[in-house]
Amino acid sequence: MAKKQFTSTILHADRKGQPEHGVLHKPIHTSVAYGYEDARELVEVFQNKRQGYAYSRQNNPTIEALANKITLMEQGLTSVIFATGMAAISSTLLALLRSGDHIVSSAFLFGNTNSLFNTLNNLGIGITFVDATDVTNVEAAIKPNTKLVFVETIANPVTQIADLSAIGSLCEKQKLIYFVDNTMTSPCLFLPIKVKASLIINSLTKYIGGHGNALGGSVTDTGLYDWSSFDNIYDNYKNKESAQWGITQIRKKGLRDFGAALAPESAHHLSVGSDTLQMRINHACDNALAIAELCDRHPKVKKVSYPGLSTHPQHDRARELFKHFGAILSIELDDSLDCFDFLNALELVVSSSNLGDNRSLGIPVAHTIYFEMGPERRASMGIADSLVRISVGIEEKADLLADFNQALAI
Ligand SMILES: *Cc1c(COP(=O)(O)O)cnc(C)c1O
């Protein structure tokens, strides 16, 4: 039968795994451990010679069903699920890198990822931050000990878009791991495998869950990277075909040893949320474009950053790569309008630090999520003091537009 599209595929993913009693949702399996009649079977599970579960920190049927859904969404090979998006990023990097290695990263980053990279730097892993909207900056930063290039698809909060295709080709040529954070686009708007990503992270907390009541993160191996050319794989994990080496090391050294396992209850929430991802994100992107256009024309707004505006520096790239322009926009207000008064005047936009929620959320970023970074780094990232980031939700468009109109008029 023909390959199904996004929603048709994921809605039936659990059922295709033949779950118990023909249930349509994979049940929440809360058992921490799994027992075997024959002790030899337990040994085979431990040695990866038989499919099965031993202890839930490493795998669990509910978690595995969610991992399978993410793999289908990303059209990848295998995924590993973590307690949060940050756990997915930190555990993966710590599992794969060693002291003396070097990373090239986009300078336009989620604040906590930036903070994590500074910690890695203190552990002996070199980091060079570059303007990744142009591949030549990435290429110039590569050193003999560079192992990995890290980028986000649409960057927080000013919405820069990395030179995703060209960086993919560069990484392929130089045998570097290409690690793409797809959180802001989700696999619904963009498939990093199409630009030759090796590993993809998603914060499931955001669009994939959508309801904002469960944290979670995932790492997907696309199958494109040749792990036999990577120096840091431990001999223990080289016993299967080399396509599995990287993800096995991430599961063992990353998930098992660092221990940031997702609770099965959360996996269930995230899985149910993901059923409607496409409908929600399409609607949110449509709302975001309308709000960006309204703000762009408004005299109280100095600048709007949104990839859907033709004035955005990477507008053409976004048009070429993404199905829609995303649901995040940043607004720099005119000096006559205080950003706190503006946020307080919005009725449908909650002052909150999350993004990708069904509800519209807004935050004054320089004073909150980018505060710890300091004024210099903020300036280099294009973050003005009056900058407000809006994560646009799925409320009705007319209500949102009316709300922005009245809040800008105060
Ligand atoms: C939120 C976010 C993360 C971290 O995810 P958590 O689930 O909150 O840990 C990583 N990258 C991006 C781009 C994010 O927006």
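With 43% relative accessibility, Val43 falls between the cut-offs of 20% and 50%, so it counts as partly exposed in this predicted model. Val43 sits in helix α3, which spans residues 39-46. Some way along the chain comes Ala54, 11 residues from Val43, and the C-alpha atoms of the two are 9.5 Å apart.

A look at the overall layout comes next. The chain splits into domain 1, residues 6-274, and domain 2, residues 277-408. Taken over C-alpha atoms, the centres of domain 1 and domain 2 are separated by 28 Å. Where the two touch, domain 1 puts in 40 residues and domain 2 puts in 39 residues.

Among the bridge partners, His102 goes with Gly126 of β3, and Val104 goes with Thr128 of β3. Is β2 enclosed or open to the outside? Five of its five residues are buried, so β2 is largely enclosed by the rest of the structure. Both faces are covered: His102, Val104 and Ser106 are buried on one side, and Ile103 and Ser105 are buried on the other.

The other sheet is also open and has mixed pairing, with five strands in the order β8-β9-β12-β11-β10. Its edges are taken by β8 (301-305) and β10 (349-351); each has a single partner strand, so one side of each is left without a neighbour in the sheet. Here the twist averages 25° from one strand to the next. Within this sheet, β11 (residues 360-364) and β12 (residues 387-391) run antiparallel and are joined by four bridges. Across that pairing, Leu361 stands opposite Ser391 of β12. As a reminder, strands of a sheet pair through backbone hydrogen bonds, either parallel or antiparallel.

Now to the nonpolar interior. In soluble globular proteins, nonpolar side chains tend to be buried together. The largest nonpolar core here has 77 residues, and those with the most contacts inside it are Leu164, Ile167, Leu329, Phe342 and Phe404. Helix α12, residues 277-297, supplies the largest share of this core, with nine residues. Both domain 1 (6-274) and domain 2 (277-408) give residues to the core, so it lies between them. Another core, of 31 residues, lies apart from it and includes Ala88, Leu93, Leu109 and Phe117. As for Phe342, leaving aside residues up to four places away in sequence, its contacts are Ile331, Leu333, Leu337, Val388, Phe404, Ala407, Leu408 and Ile410.

One helix pair also deserves a mention. The axes of α5 (residues 85-96) and α10 (residues 245-258) come within 8 Å and cross at roughly 115°. The crossing of α5 past α10 is right-handed. On the α5 side the contact uses Ser91, Thr92, Leu94, Ala95 and Leu96. On the α10 side it uses Gly246, Gln249, Ile250, Lys253, Gly254 and Phe258.

Lastly, a few spots in the backbone stand out. Most residues other than glycine have a negative phi, and most peptide bonds are trans. Gln18, in the loop between α2 (13-16) and α3, has a positive phi near 50°. At 71% relative accessibility, Gln18 counts as exposed. Gln75 also has a positive phi, near 55°, and its place is in the loop between α4 and β1. With 36% relative accessibility, Gln75 counts as partly exposed. A cis peptide bond joins Asn156 and Pro157, with omega about -20°. Pro157 is found in the loop between β4 (146-152) and α8 (164-174).

Conventions. Residues numbered from 1 in each chain as written. Predicted model: local features only at pLDDT ≥ 70, side-chain atom pairs only at ≥ 80, totals over all residues. Heavy atoms only, no water. Pairing = 2+ DSSP bridges. Helix = DSSP H or I, 4+ residues; strand = E, 2+ residues; numbered from the N terminus. Core = buried A, V, L, I, M, F, W, Y, C linked by side-chain atoms within 4.5 Å. Buried < 20%, exposed > 50% of the residue type's maximum accessible area, 1.4 Å probe, protein only. Domains from an automatic or database assignment. Contact = heavy atoms within 4.5 Å. Axes fitted to C-alpha atoms, helices over the stretch in contact; angles between N-to-C directions. Left-handed = near helix turned anticlockwise from the far one by under 90°.
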